Amino acid sequence: MKKVSMTEIAKRANVSVATVSMVVNNRSEISRKTASKVRHVMRQLNYNPPPPEQRRGRNAVNISHEDQINTVGLICINTAISGVFARFLEKIEFELKKHHKMLLFTSVKTLNSPEGINAIAEADACIIIGYEDQAVARKLLGNKLCVWAMGESRHQYFCDTVTPDQELTGLMGAEYLLERGHRKIVYVVPYHTFHINTANAFLSAAPDKAGIIKVDAELHEEAQQRGVDACEIIREQLLTMTPQVTGLMLPSNMIGLLNFIEDLKLDILYIDLIQENGYKGKVNIIDPNVEQIAEEAVRVLLWRFENPHKARIKQLVAPNLTEFSPRKQSIYSL
């Protein structure tokens, strides 16, 4: 007798393979109506799922090897749909089409929302970008086949990750600004884990010349108490540093700072997500190389399907340095 697969059950029940898997594993996210429909098809086809210990090993995924990944959910968590994201989405779709996979795209505020839960359930496998509490993500994803892309590396403890090399970004930024002859360089850091690695590498490149300004809860609290914009506090800190700051590295989400420091005539190097924001020709950029991240995310996802029990991997992608403005001849001579 031919062995019945979850793919066949999914087709008969008109649901995704992931939904069948969640019914088999008694997951609470599935409605009673859908679960009943799936179980009815399972009985019709005499499907007997393997015992739990065979379905839910530490590194096991919810899709068995007699099945296939048909749909891949790209879930974007609390991330602006910018031009650079369009590049990432286009590349993901291109790579999936090469392997005859369908893309399901969803943008959510958090995974723990009706839209997020539904997106996870409807896809056979997921590629996720953005930030989410690790405990929440682990609970919602369960043993779902998943790759975390362009997020915090801590997610590698329960799924594979493909992320920009943040340490290399910090080193490249510091070395580039120092090569331009700056005596004092500063990185303005939105203080969460993803940027801390960049900041530490930035400081290590030249401890005597490099500094950071942490945009953390303490800084925002001070701004609120004084009734000023947080960027005013950052400007004050820049002016009090010695020697005078002449080189600055900024992440894209600090672009509003430009309105407060334009008169300081700083040499600015941006990191990530900037090309499409109207600054081409004005600033230099360390681009996160999103096309390669997308390509690697699909490759790792398909590799994991074939190797469900191998150790989790963390794939780092090197950024690109792009100069839109000409390199000046040591105008900040040492």
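**Reading the labels in a predicted model**

User: In this predicted model, which residues of α3 are buried?

Analyst: Ala 35, Val 38, Val 41 and Met 42 are the buried residues of α3.

User: What puts these four on the same side of α3?

Analyst: Around the helix axis they cover an arc of only 125°, so they lie on the same side of α3. In general, an α-helix has 3.6 residues a turn, so residues three or four places apart point the same way. The other side of α3 holds the exposed residues Arg 32, Lys 33, Arg 43 and Gln 44.

User: Why is Asn 46 called exposed?

Analyst: Exposed means over 50% relative accessible area. Asn 46 has 55% relative accessibility, so it counts as exposed.

User: Where is Lys 265, and why does it count as exposed?

Analyst: Lys 265 sits in the loop between α12 and β9. Its relative accessibility is 63%, and therefore it counts as exposed. Its phi, near 55°, is positive, and Lys 265 is a residue other than glycine.

User: Why is Thr 169 called buried?

Analyst: The cut-off for buried is under 20% relative accessible area. Thr 169 has 5%, so it is buried. This residue is in helix α8. Leaving out residues up to four places away in sequence, Thr 169 touches Thr 198, Met 249, Ile 271, Ile 286 and Pro 319.

User: Why are α10 and α11 called roughly perpendicular?

Analyst: Their axes come within 8 Å and cross at roughly 110°. Angles of 65 to 115 degrees count as roughly perpendicular, and therefore α10 and α11 are given that label. The contact is made on α10 by Leu 219, His 220, Glu 222, Ala 223 and Arg 226, and on α11 by Ala 230, Ile 233, Ile 234, Glu 236 and Gln 237. By class, this contact has 5 nonpolar, 2 polar and 3 charged residues.

User: Is the peptide bond from Thr 242 to Pro 243 cis or trans?

Analyst: The bond is cis, with omega near -10°. Pro 243 is in the loop between α11 and β8. Most peptide bonds are trans.

Terms used. Residues are numbered from 1 along each chain as its sequence is written. This is a predicted model: local features need pLDDT of at least 70, side-chain atom pairs count only at pLDDT 80 or more; totals for chains, interfaces and linings use all residues. Side-chain values use heavy atoms; hydrogens and water are left out. Helices (H or I, at least four residues) and strands (E, at least two) are DSSP runs, numbered from the N terminus. Buried means under 20% relative accessible area, exposed over 50%, partly exposed in between (1.4 Å probe, protein chains only). Contact means heavy atoms within 4.5 Å. The arc is that of the directions from the helix axis to the C-beta atoms. Axes are lines fitted to C-alpha atoms, for helices over the stretch in contact, and angles run from 0 to 180 degrees between N-to-C directions. Angles under 35 degrees count as roughly parallel, over 145 as roughly antiparallel, 65 to 115 as roughly perpendicular and the rest as oblique. Ala, Val, Leu, Ile, Met, Phe, Trp, Tyr, Cys and Pro count as nonpolar, Asp, Glu, Lys and Arg as charged, and the others, Gly among them, as polar.
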